Amino acid sequence: MIAERRISVAGIGTSYYEKGTGHPILCLHGASPGMIWDARLSWIRQLHGLSDQFRVIALDQLQFGGTDNPAPPGQYINRLGRVDHVIGFIEAMGLKEITLVGNSEGSFVAARVAILRPDLVSRLVMVTGNSSSPPFGDERDKTWMDANEKEYYSDLGKPMPTEEEFMREGDVAGGHDPFEAELKEYRRIAYRRHQTRERWEILKNAPEEETNTRLYVTLQQRYIIPYLDRLQPQTLIIWSKDDPIVPPDNGFRLAKLIRNSEFHLLRGGHGIHHQQSDAVNRLIRFWHG
């Protein structure tokens with residue numbers, strides 16, 4: 001079991017999970033509305049799979065996991081609003097020249113931190129980073145935008161699933177899982193926190209710019225894409241061949257905008273770091289040299 005740890009970040013009680021020693025790798029989970037998730041669930045395969053060589057840290061971002069919620073009741077904190085908290089966490093932990101890893105919406109936060117504070121980030125990893133990739137600006141966007149809204153926002157009008165329903169969903173890897181017992185415990189903890197802190201209602205009532213994909217891309221067009229050609233950290237981009245939410249061409253276009261980048265395409269879905277965890281972990285090891 002990976003124990004939860006706590007630290008104060010600008011007065012906000014913050015939860016994180018850590019394993020291993022060596023060069024620090026900080027992992028940021030995704031954060032789409034309706035997700036019952038936390039950092040330990042998202043990054044369990046990296047916490048275990050990379051900790052023999054690295055100090056792997058997974059952070060519960062604002063309004064997720066065990067981290068306290070500093071917002072007024074009912075107010076949703078978007079991905080831009082999580083950036084300062086991540087920077088504060090890195091500083092509070094006394095980290096520097098880290099490898100910063102973001103999956104999905106976490107890739108926006110990771111990229112923005114790297115843009116603002118290159119002194120803190122020496123390497124950047126973006127895993128199926130739809131929140132940072134540039135839209136096409138033509139009819140090709142409709143397919144992936146429709147898929148994104150169906151996947152993440154179709155359940156927002158429904159009540160929160162029961163604990164039994166949530167537990168039956170299982171881990172995204174499916175089949176026999178060496179971490180099955182561990183994941184079961186983490187999922188139960190994540191569900192009960194989500195329920196007692198009324199996060200389903202907070203996330204369900206997210207503003208339209210967070211639930212309408214055609215508006216959602218505005219933040220990355222303003223805060224990420226114009227700065228990608230100036231990114232200083234070495235950047236590893238890991239993409240999925242089979243994710244309708246983030247087609248391979250989105251990843252190719254993102255890689256072309258970053259001068260010091262390396263692009264890899266793997267078979268799998270949006271949670272490629274679960275479904276192909278061994279391959280993802282090997283790529284990170286080899287890229288580090």
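# How do you know that? Reading this fold

Me: Glu97 lies in the loop between α2 and β5. How do you know what counts as a helix or a strand?

Reply: Both are DSSP runs, numbered from the N terminus: a helix is H or I over at least four residues, and a strand is E over at least two. Counted that way, the protein chain has 13 helices and 8 strands. Keep in mind that this is a predicted model, where local features need pLDDT of at least 70 and side-chain atom pairs count only at pLDDT 80 or more, while totals for chains, interfaces and linings use all residues. Numbering starts from 1 along each chain as its sequence is written, and side-chain values use heavy atoms, with hydrogens and water left out.

Me: Okay, is Glu97 buried or exposed, and how do you know?

Reply: Look at the relative accessible area: under 20% is buried, over 50% is exposed, and in between is partly exposed (1.4 Å probe, protein chains only). Glu97 has 52%, so Glu97 is exposed.

Me: What makes the phi of Glu97 worth a look?

Reply: Phi of Glu97 is near 50°, which is positive in a residue other than glycine. Most residues other than glycine have a negative phi. Thr128, in the loop between β6 and α4, isn't a glycine either, and has a positive phi of about 40°. Thr128 has a relative accessible area of 0%, so Thr128 is buried.

Me: Let's talk rings. How many aromatic pairs are there?

Reply: The structure holds 4 aromatic pairs. A pair of aromatic rings is described by the distance of the centres and the angle of the planes.

Me: Why do Tyr16 and Phe89 count as a pair, and which kind are they?

Reply: Rings of Phe, Tyr and Trp (its six-membered ring) pair if their centres lie within 6.5 Å; planes under 30 degrees apart are stacked, over 60 are edge-to-face, and the rest are tilted. For Tyr16 and Phe89 the centres are 5.4 Å apart and the planes are at 65°, so this pair is edge-to-face. The two come from distant parts of the chain, 73 residues apart: Tyr16 sits in strand β2 (residues 12–19) and Phe89 in helix α2 (residues 83–92). Tyr16 and Phe89 are both buried.

Me: And what kind of pair do Phe252 and Phe263 make, and why?

Reply: Their planes are at 45° and their centres 4.7 Å apart, so the pair is tilted. Phe252 is in helix α11 (residues 248–257) and Phe263 in strand β8 (residues 261–266), 11 residues apart. With 35%, Phe252 falls in the in-between range and is therefore partly exposed. Phe263 has 21%, so Phe263 is partly exposed as well. Together with Trp239, Phe252 and Phe263 form one aromatic cluster.

Me: What makes you say that the charged end of Arg79 sits over the ring of Phe108?

Reply: The rule asks for NZ of Lys or CZ of Arg within 6 Å of the ring centre and within 35 degrees of the ring normal. The charged end of Arg79 is 4.9 Å from the centre of the Phe108 ring. Arg123 does this with Trp287, again at 4.9 Å from the ring centre.

Me: Which are the edge strands of the sheet, and what makes them edges?

Reply: The sheet is open, with 8 strands in the order β1-β2-β4-β3-β5-β6-β7-β8 and mixed pairing. The edge strands are β1 (4–9) and β8, since each pairs on one side only.

Me: How do you know that β2 and β4 pair?

Reply: Two strands pair if DSSP finds at least two bridges between them. Here 4 bridges join β2 to β4 (residues 55–59), and the two strands run antiparallel. Within that pairing, Tyr16 stands opposite Leu59 in β4.

Me: Last one: is Gln220 buried or exposed, and how do you know?

Reply: Its relative accessible area is 0%, so Gln220 is buried. Gln220 lies in helix α10 (residues 218–223). Contact means heavy atoms within 4.5 Å. Leaving aside neighbours within four places in sequence, Gln220 has contacts including Arg79, Phe108 and Asn130. For contrast, look at Pro159, in the loop between α4 (140–153) and α5 (163–169). Pro159 has 67%, so Pro159 is exposed.
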